[in-house]
Amino acid sequence: MSKSYDLVIIGGGPGGYNCAIRAGQLGLKVACIETRGTLGGTCLNVGCIPSKALLHASELFEAASTEFAALGIKTGEIQLDLPTMLGQKDEAVDGLTKGIEFLFKKNNVEYIRGKGRILGQGRVEVDADGETSTLETRHIVIATGSEVTPLPGVTIDEERVVSSTGALDLQKVPGRLVLIGAGVIGLELGSVWRRLGAEVIVVEYLDRILPGMDSELAKAAQRIFARQGMDFRLGTKVTGVDTSDPASLSVTLEPASGGDSETISADTVLVCIGRRPFTEGLGLENVGIETDGRGFIANDHFRTSAENVWVVGDCTHGPMLAHKAEDEGVACAELIAGKAGHVNYGVIPGVVYTAPELASVGATEDELKKEGRAYKKGKFPFQANSRARTNHATDGFVKILADAETDEILGAHMIGANVGEMIAEICLAMEFRASSEDVARTCHPHPTLTEAVRQAAMGVEGWSMQA
């Protein structure tokens with residue numbers, strides 16, 4: 001027997017579960033299919049959430065080891081209890097996944113465990129451990145997310161050669177960890193294991209870290225991370241990982257532009273060269289949907305080329321970020337319900353949760369220069385911020401970019417403690433198309449790190465008062 005719905009969502013990650021909850025709030029009969037066995041997708045299960053649990057714990061471990069004495073806090077010998085650290089990470093994940101199940105019940109969303117596949121217009125098959133059933137539905141939303149991009153010639157076993165998933169569950173601290181890729185995932189997980197005692201070597205094909213972020217921000221971050229102990233090999237590619245020796249891995253490197261190779265040893269290799277859309281095996285051909293060369297599903301305001309089939313999140317174009325997927329899921333549900341759903345892609349923030357954090361929103365200075373747009377810049381260092389000085393967290397700065405004529409804020413880029421929280425102020429300002437003067441003339445509490453944002457906004461017109 002088939003069951004009938006207004007909306008069936010394939011995928012229970014941030015895009016899918018938020019779409020389901022909003023659809024339920026709007027009175028639609030909705031089902032969400034998830035094959036993982038737990039809701040939350042990559043983000044909650046093996047991504048954003050567990051990595052933040054380890055980032056927080058490792059930051060405290062390093063602070064206790066290196067900073068407490070200078071603050072007048074005396075302790076005994078600091079020891080790492082890695083099983084407990086990993087355990088508290090798993091507890092956080094478990095509690096949050098169960099929380100989504102509760103929200104589904106609260107909002108009348110049916111949670112279906114199994115693998116979803118489109119059979120045709122308005123029909124979705126669910127395979128649950130070999131038993132299949134068919135769902136009839138007016139609308140289908142594809143929210144299947146993304147998966148780790150493999151590196152040709154390198155086999156991931158999730159023990160010695162790991163993806164981000166395996167790097168969240170290493171059973172001992174590697175003596176030497178080689179990161180392949182200097183993007184967000186690699187730098188975050190590399191910083192975790194460096195704090196816990198690993199020697200970390202970062203190999204990046206490009207001549208810079210954090211591609212896509214503001215270059216001034218990325219350069220500042222590299223200097224800070226190198227000072228912390230990370231070894232960067234930029235303009236370099238990995239051509240192979242030899243796993244034949246059970247005691248040590250051999251990683252072969254070459255200059256990206258060509259040249260002589262070298263071999264370095266490692267205990268663990270983390271492959272983190274990005275993610276790719278998970279769109280295989282969804283039955284897209286049954287409704288005439290084709291993916292592009294990289295596997296993405298095209299959309300026009302979340303609508304695919306097939307009638308009443310929609311797509312949100314990592315499996316369509318745009319930044320692969322949980323909060324982008326959330327916004328798309330909500331907007332998509334609202335459109336299906338006959339309301340006005342919208343996502344402002346010009347105001348999607350990005351955060352790197354290292355220490356210090358990096359946060360960006362809007363246009364980078366590189367993009368404005370390439371575009372030839374006239375802009376003004378205000379920049380304020382945390383070294384001059386009173387709260388940063390008292391907290392011994394003076395690394396970094398806030399940079400605000402505004403249109404040279406109208407003063408509308410075009411982008412903001414920050415590196416420093418807690419900037420992942422502080423960027424939201426600029427997101428809100430940009431959503432209302434505020435000027436830098438609007439932020440500069442808004443009273444901020446003292447002493448706080450957020451005063452650096454105000455001072456940077458003042459700096460756009462050249463009247464920063466504290467530096």
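The largest nonpolar core has 39 residues, and those touching the most other members are Trp 193, Ile 209, Leu 210, Phe 225, Leu 270 and Leu 358. A nonpolar core here is a set of buried Ala, Val, Leu, Ile, Met, Phe, Trp, Tyr and Cys residues joined through side-chain atoms within 4.5 Å. Buried means under 20% relative accessible area, exposed means over 50%, and partly exposed lies in between, with a 1.4 Å probe and protein chains only. This is a predicted model, in which local features need pLDDT of at least 70 and side-chain atom pairs count only at pLDDT 80 or more, while totals for chains, interfaces and linings use all residues. Residues are numbered from 1 along each chain as its sequence is written, and side-chain values use heavy atoms, leaving out hydrogens and water.

**The nonpolar cores**

- Helices (H or I, at least four residues) and strands (E, at least two) are DSSP runs, numbered from the N terminus.
- Leaving aside residues up to four places away in sequence, Trp 193 touches Leu 82, Ala 167, Leu 170, Lys 172, Val 173, Pro 174, Leu 177 and Ala 198; contact means heavy atoms within 4.5 Å.
- There is also a second, separate core of 30 residues, and its members include Val 351, Val 419, Met 422 and Val 460.

**A helix pair: H3 and H6**

- The axes of helix H3 (residues 48-66) and helix H6 (residues 184-195) come within 9 Å and cross at roughly 35°.
- Axes are lines fitted to C-alpha atoms, for helices over the stretch in contact, and angles run from 0 to 180 degrees between N-to-C directions.
- This crossing of H3 and H6 is left-handed, a word used if the near helix is turned anticlockwise from the far one by less than a right angle.
- On the H3 side, the residues in the contact are Ser 51, Lys 52, Leu 54, Leu 55, Ser 58, Glu 59, Phe 61 and Glu 62; on the H6 side they are Glu 188, Leu 189, Ser 191, Val 192, Arg 194 and Arg 195.
- Sorted by class, the contact of H3 with H6 has five nonpolar, three polar and six charged residues.
- In that sorting, Ala, Val, Leu, Ile, Met, Phe, Trp, Tyr, Cys and Pro count as nonpolar, Asp, Glu, Lys and Arg as charged, and the others, Gly among them, as polar.

**The five-stranded sheet**

- Five strands form an open sheet in the order S18-S19-S22-S21-S20, with antiparallel pairing; two strands pair if DSSP finds at least two bridges between them.
- S18 and strand S20 (375-381) are the edge strands, each pairing on one side only.
- From one strand to the next, the twist averages 10°.
- S19 and strand S22 (residues 409-416) run antiparallel and are joined by six bridges, and Gly 362 stands opposite Gly 411 in S22.
- H7 packs on the sheet and touches S19, S20, strand S21 (397-403) and S22, with its direction at about 0° to that of S22.
- H13 lies across S20, S21 and S22 and runs at about 145° to S20.

- S20 pairs with S21 in the antiparallel sense over seven bridges, and Lys 379 stands opposite Lys 399 in S21.
- S21 and S22 run antiparallel, joined by six bridges, and Lys 399 has His 413 as its bridge partner in S22.
- S21 and S22 form a hairpin with five residues between them, and Asp 407 in the turn has a positive phi of about 70°.

**Backbone details to look for**

- Most residues other than glycine have a negative phi, and most peptide bonds are trans.
- Ala 355 and Pro 356 are joined by a cis peptide bond with omega about 5°, and Pro 356 lies in the loop between strand S18 (350-352) and strand S19 (357-362).
- Another cis peptide bond runs from His 446 to Pro 447, with omega near -5°; Pro 447 is in the loop between helix H12 (436-440) and helix H13 (451-460).
- Asn 108 has a positive phi near 60° and counts as exposed at 64% relative accessibility.
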